[in-house]
Amino acid sequence: MSIRIKGTGSYVPERILTNADLEKMVETNDEWIRTRTGIEERRLASPEQATSDLAEQAARRALDQAGITGADLSAIVCATITPDYVFPSTGCLLQQKLGATNAFSFDLEAACSGLLYSLEVAYSLMKANKKYRYVLVVGAEKLSCIVNWADRNTCVLFGDGAGAVVLENVADDRPDFVIASDLHSDGSYTEILKLPAGGSRNPASPETVAAHQHSIFMAGKDVFKLAVNHMSASCRRVLEEAKVDASAIKLVIPHQANLRIIQSLAQRLDVPEDRVFININRFGNTSAASIGLCLDEAARAGRIQPGDYVLLTAFGGGLTWGAMLIQY
């Protein structure tokens, strides 16, 4: 059996929030945002759209490309930190929207590393049991609902969107799409990137709402250093495990958190920037949706072809991070 990528899909909402728009909302300016983050605009979901709605659009495009329907799916893994509800899971809501009556569904929360974690889980599930013919992996976020729009250090960074991948268990002897993977977490850094309130540790109250504790908190400088160090080390480990030189990689797809992080990563890996996929300028940081969005855009633009080596890497709250070398 061979596990391959059968289809990809992505979706971003119609509304565009530019840096010029943000200048009217907080004390910031276009030059400050671009030079520090590389972001020029981001997409925001409408009040009527929830994360499952964004996920549905990306999933349908992936299913269409794969030539299957929701009823063909065996499982759905949905990566998100902005679920529609604490429960039921966004995966179950997505299952109903897609008519995936034969699939079991669940959410996976690993922040910006969510899609990598989900691909690893789905791949391992399919390797363990051949009855799982098609599995849908989705990363989807409506981060605009957990952003403090009065905090200029964080509100400029985030956007909404979704990316999806359909995996197929094929009866042939071709290589699996996963060549090597390297995933990690470190709970000792929970305080530098988190959503302070809303869980059982700090339930919602008038006080938590007034203090904006239901919004993203990030210690940016600490996150920057750790992201570059951990992602580059993880990338080197998977290349070493796979015995693949960086020069053989067709495209590096990093989580789109900050352009300077991406550039630093490329330098450490000695990969030219024209072989690093970047769309942060148009979409900002979409957390778990980021890598799926990039993968779909790259594939549809012809930047990767079947058989190409593609290096995926991410870093997020938890802390979570990792890399995965795939053969598209």
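**Exercise 1.** Determine how exposed arginine 174 is, and identify its salt-bridge partner.

*Solution.* Step 1: Arginine 174 has a relative accessible area of 43%. Step 2: The classes are buried (under 20% relative accessible area), exposed (over 50%) and partly exposed (in between), with a 1.4 Å probe and protein chains only. Arginine 174 is therefore partly exposed. Step 3: A salt bridge is a side-chain nitrogen of Lys or Arg within 4 Å of a carboxyl oxygen of Asp or Glu. The partner is aspartate 172, with the closest N and O atoms 2.8 Å apart. Aspartate 172, at 23% relative accessibility, is also partly exposed.

The model is predicted: local features need pLDDT of at least 70, side-chain atom pairs count only at pLDDT 80 or more, and totals for chains, interfaces and linings use all residues. Residues are numbered from 1 along each chain as its sequence is written, and side-chain values use heavy atoms, with hydrogens and water left out.

**Exercise 2.** Explain which parts the salt bridge of lysine 97 and aspartate 53 ties together.

*Solution.* Step 1: The two side chains meet at 2.9 Å, N to O. Step 2: Lysine 97 belongs to helix H4 (residues 90–98) and aspartate 53 to helix H3 (residues 51–66), so the pair links parts 44 residues apart in sequence. Helices are DSSP runs (H or I, at least four residues), numbered from the N terminus.

Methods. Helices (H or I, at least four residues) and strands (E, at least two) are DSSP runs, numbered from the N terminus.
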